[in-house]
Amino acid sequence: MQTCTLCHSHHVEAYFEDKHRSYVQCQVCQLVFVPAAERLSAEREKAFYDLHENNPNDLGYRHFLARLCEPMLDKLSSQSVGLDFGCGPGPTLSLMLAESGHSVALYDHFFYPQKEVLNTCYDFMTASEVIEHLHDPYTVWQQWLNLVKPGGWIGLMTKLVKNVDAFAGWHYKNDLTHVSFFSRETFQFLAERDKLELEFIGSDVILLRKPQ
């Protein structure tokens with residue numbers, strides 16, 4: 001029996017299948033995810049990430065990250081302390097936030113595996129293009145909630161599932177490192193369950209505030 005990787009519900013149904021893998025959807029939180037047996041190994045996943053060329057001096061990449069950075073800056077008090085979770089091999093969002101006077105620690109499972117930074121509470125945390133890679137979003141989501149102080153912000157960037165027809169032609173699913181696909185309904189489920197303020201910015205930025 002399939003169990004939802006986000007909310008641990010057993011109410012999971014087939015959603016879509018292509019030539020690479022199948023996708024199922026939780027009927028409680030609406031997460032669409034790839035069954036464990038069809039995901040890449042850690043070694044193959046790392047090989048994909050090694051191909052990424054995220055350069056802090058790339059103005060196009062900075063423009064992309066600004067979609068998350070600028071709304072976060074509007075929410076933060078001066079000289080806030082945060083964590084960029086899943087920063088990748090070329091941390092850039094953290095530099096952009098630091099340029100505005102904030103202090104940002106780094107964590108990445110493959111590239112910055114300093115687990116000691118996960119033992120601190122922060123004013124905010126960010127995860128840009130990370131949540132779709134999570135094999136165990138239930139555990140990581142609980143970790144994120146514990147990383148942020150009461151009143152603190154979680155800033156995320158990820159493309160959102162719309163419906164199965166759009167999913168069929170969606171380029172986002174074709175990246176084999178993408179295994180967890182969230183929708184507005186999924187974030188609304190999490191916000192209601194965990195009593196978080198929720199704000200959607202554009203098509204792919206999600207801000208959540210932990211209760212005081």
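**Reading pockets, a buried charge and positive phi**

Mentor: Let's start with α2, which gives the largest share of the lining of the largest pocket, three residues. Helices (H or I, at least four residues) and strands (E, at least two) are DSSP runs, numbered from the N terminus. This is a predicted model, where local features need pLDDT of at least 70 and side-chain atom pairs 80 or more, while totals for chains, interfaces and linings use all residues. Residues are numbered from 1 along each chain, and side-chain values use heavy atoms, without hydrogens or water.

Trainee: How should I read a pocket, and what volume does the largest pocket have?

Mentor: Rolling a probe the size of a water molecule over the atoms shows where empty space is left. On a 1 Å grid over the protein atoms alone, a pocket is an open set of points where a 1.4 Å probe fits, with protein on both sides within 12 Å along at least five of seven lines; lining residues have an atom within 4 Å of a point. Here the largest pocket holds about 880 Å³, the space filled by probe spheres set on the points. Its lining has 38 residues, with Gly86, Asp108, Glu129, Val130 and His133 nearest the centre. Elements giving two or more residues to this lining include β4 (81-85) and β6 (122-128).

Trainee: Which residues lie closest to the centre of the second largest pocket?

Mentor: That pocket has a volume of about 240 Å³. Among its 13 lining residues, Lys159, Leu160, Val161, Lys162 and Ser203 are the closest to the centre. Two or more lining residues come from each of α5 (164-168) and α6 (184-194).

Trainee: Now a charged residue: is Asp84 buried or exposed?

Mentor: Asp84, in strand β4, is buried (under 20% relative accessible area, 1.4 Å probe, protein chains only; exposed is over 50%, partly exposed in between). Asp84 has no salt bridge, and Arg62, the nearest side chain of opposite charge, is 12 Å away. A salt bridge needs a side-chain nitrogen of Lys or Arg within 4 Å of a carboxyl oxygen of Asp or Glu. The Asp84 side chain does make a polar contact with that of Thr126, at 2.9 Å; such a contact pairs N or O atoms within 3.5 Å, one able to donate a hydrogen and the other to accept it.

Trainee: What is the phi of Gln79?

Mentor: Most residues other than glycine have a negative phi. Gln79 has a positive value near 55°; Gln79 sits in the loop between α2 and β4 and counts as exposed at 67% relative accessibility. Glu129, also not a glycine, has a positive phi of about 55° and lies in the loop between β6 and α4.

Conventions: Lys, Arg positive; Asp, Glu negative; His and termini not counted.
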